[in-house]
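Hi everyone, thanks for coming. Please have a look at the sequence and the structure, and then I'll walk you through a few features.

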Amino acid sequence: MIKSSIFFKITILFLFALFSFFAFSFYFVKSQIDREEQISQIKYSQFTTTINQIMANNGSIELIERYLKELGFEVTSEPGIKKALLNYNKLPTNFNGVFAKTIKLNNEVFILLETHNQATLYKDTFSVSYHSYYLIAFAGMLLIFLFILVIKSLLPLKSLRRQIRYFSNGKLNINCKTDQQDEIGELANEFDNAIKKIVALNESRTLFLRSIMHELKTPITKGRIIAEMVENPLQKERLTSAFGRLNTLINQFAKIEQLSSKSYNLNKREFLVDELIEYTKKMLLIDKISIDPIVLLSPNDLIKADFDLFAMSVKNLLDNAIKYGSDGKVTVTTDKYNLIIANKGEPLKMDFKEYFKPYFKDFSKNSHGFGLGMYIIKNTLDAQGFNLSYEYKEDTNYFIINGCVVENYCVIPKNTKA
C-alpha cells in the first residue's frame with residue numbers, strides 16, 4: 001500500500017533528484033577547484049620565469065612593476081610577510097640590480113621586489129569566484145522548496161480520499177470544498193458539487209417514493225375494510241389476502257428504498273428453511289392452494305440472515321422459478337453451506353450478470369413486470385454479504401445463494417407429556 005502511494009513515489013523521485021544534483025555539484029566543485037589550482041600554478045610559474053628573464057636582460061624596476069600590474073598584482077602592506085621575505089636570502093652587498101622574492105601562502109601569491117634602496121611587496125589580486133557555489137546552493141534550496149510545495153499541494157488528496165471513503169460507506173453529509181487554486185482544488189470542489197447534487201437527487205427520490213407509498217397505503221387500508229364487509233367467505237378471504245399482499249409489497253418497497261439509500265439496519269438472526277418457505281408462500285399467495293408448487297427437501301436446516309430481506313430475495317427466486325419452469329414446480333434444498341432453488345426448464349439465454357441490471361427483461365420468456373426482480377434479489381443479498389450464482393445441469397436451472405446455511409439437519413425438539 002505504501003509503495004503504491006503517490007507521496008512515496010514523489011519522495012523517492014525527489015531523493016533521487018537531490019542525490020543526483022549533489023553528486024553533480026560535488027563533481028563540478030571539485031573540477032573547479034582543480035582548475036583554479038592549475039591556473040594558479042601556471043600563473044605562478046609564468047610570472048616567476050618572466051621576472052627572471054626581465055632581470056637577466058637588465059630590465060628596470062619600472063618594467064617589472066608594470067608587468068606585475070598587468071598580471072593583477074598590487075602593492076600591499078603585510079609587515080610580517082615583508083619582514084620574512086627581507087630576512088630570507090638577503091641581497092649580496094655587491095648586487096646592484098632588482099631582486100625578486102616570491103612566496104605562496106593560503107593560495108595567495110606575494111612578490112617582494114627588493115633593491116638596496118627600497119623594497120616593495122606586491123600581492124596577487126586574483127580571487128576565487130564563488131558565483132558557481134552560490135548558484136549550486138540556491139539550486140539545492142530551490143529543489144527542496146519545490147518538493148515541499150508539491151507535497152503541500154498534494155496533502156488535500158489525503159483528506160479527499162478520506163471523504164470519498166466516507167461517501168462510499170453511505171455518509172452523505174461530507175464537505176470537500178477547498179480554497180486551493182490548482183487542479184487538486186478544482187477536483188475537490190467538483191466532487192463536492194457532485195455530492196451535493198447526488199444528495200439532492202437522493203432526497204427528492206426518497207421523498208417521491210415515500211409519498212407514493214404513503215398515498216397507496218390509504219386505498220389499501222380502505223380496500224381491506226371493505227373486504228371485511230363482503231358476505232361470501234371465499235371472496236372475503238381472497239380480497240383480504242390480496243390487500244394484505246399489497247400492504248406487504250408496500251413494506252417491502254420501503255425496505256428496498258432504505259437499502260438503496262444506505263439507511264437500512266441489518267438484523268440478522270437464525271431461522272429454519274421451513275419457516276422461510278412458509279413465509280414466502282404467504283407472500284406469493286400460494287399458502288392455501290391445493291397443489292403446492294414448492295418441494296422442500298431440507299426443512300430443518302438453519303439459515304442466518306436478515307429474515308425480511310432474505311425472504312424477499314427467496315420470494316422473487318421462487319416466483320421466477322414457478323413462473324418460467326416447464327412443470328410449474330420448484331425444488332428448495334441445501335448443501336453444506338448453500339441454499340439451492342431449482343426448476344426444470346430451458347437455460348438462461350443471456351449472461352447471468354445481465355439479469356441483475358435494473359429494468360432488464362428477457363423477451364424470449366414472455367416476461368412480465370418491470371424487470372426489477374433479479375435486481376432486487378442481487379441488492380438484498382449483497383447487503384447481507386451473500387453471493388448468488390447460477391448453474392444449468394440435466395435440463396435444470398440451479399440458483400444458489402452461497403454461504404447462508406449455518407447448520408444442517410437441525411433437530412426439532414418434540415413436546416412430550418409428563
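Let's start with Lys349 and Glu346, whose side chains meet in a salt bridge, 3.6 Å from N to O. Glu346 counts as exposed, because its relative accessibility is 54%. Keep in mind that this is a predicted model.

How many salt bridges does the structure hold? There are nine. Another one pairs Asp292 with Lys281, and here the closest N and O atoms are 2.4 Å apart. These partners come from distant parts of the chain: Lys281 sits in helix H8, residues 273-284, while Asp292 lies in the loop between H8 and strand E6, eleven residues apart.

Now, buried or exposed, what is Lys281? With 10% relative accessibility, Lys281 counts as buried, because the cut-off for buried is under 20%. Asp292, at 30%, counts as partly exposed.

Then we have Lys393 and Glu391, with their closest N and O atoms 3.7 Å apart in a salt bridge. Lys393 is partly exposed at 46%, and Glu391 is partly exposed too, at 36%.

Let's move on to the strands. Strand E3, residues 108-114, is mostly covered, with six of its seven residues buried. On one side of the pairing, seven bridges join E3 to strand E2, residues 99-105, and the two run antiparallel. For example, Ile103 has Phe110 in E3 as its bridge partner.

E3 also runs antiparallel to strand E4, residues 119-124, through five bridges. Glu114 is partnered there with Ala119 of E4, and a hairpin of four residues joins E3 to E4.

Notes
Residues are numbered from 1 along each chain as its sequence is written. This is a predicted model: local features need pLDDT of at least 70, side-chain atom pairs count only at pLDDT 80 or more; totals for chains, interfaces and linings use all residues. Side-chain values use heavy atoms; hydrogens and water are left out. Buried means under 20% relative accessible area, exposed over 50%, partly exposed in between (1.4 Å probe, protein chains only). Two strands pair if DSSP finds at least two bridges between them. A salt bridge is a side-chain nitrogen of Lys or Arg within 4 Å of a carboxyl oxygen of Asp or Glu.
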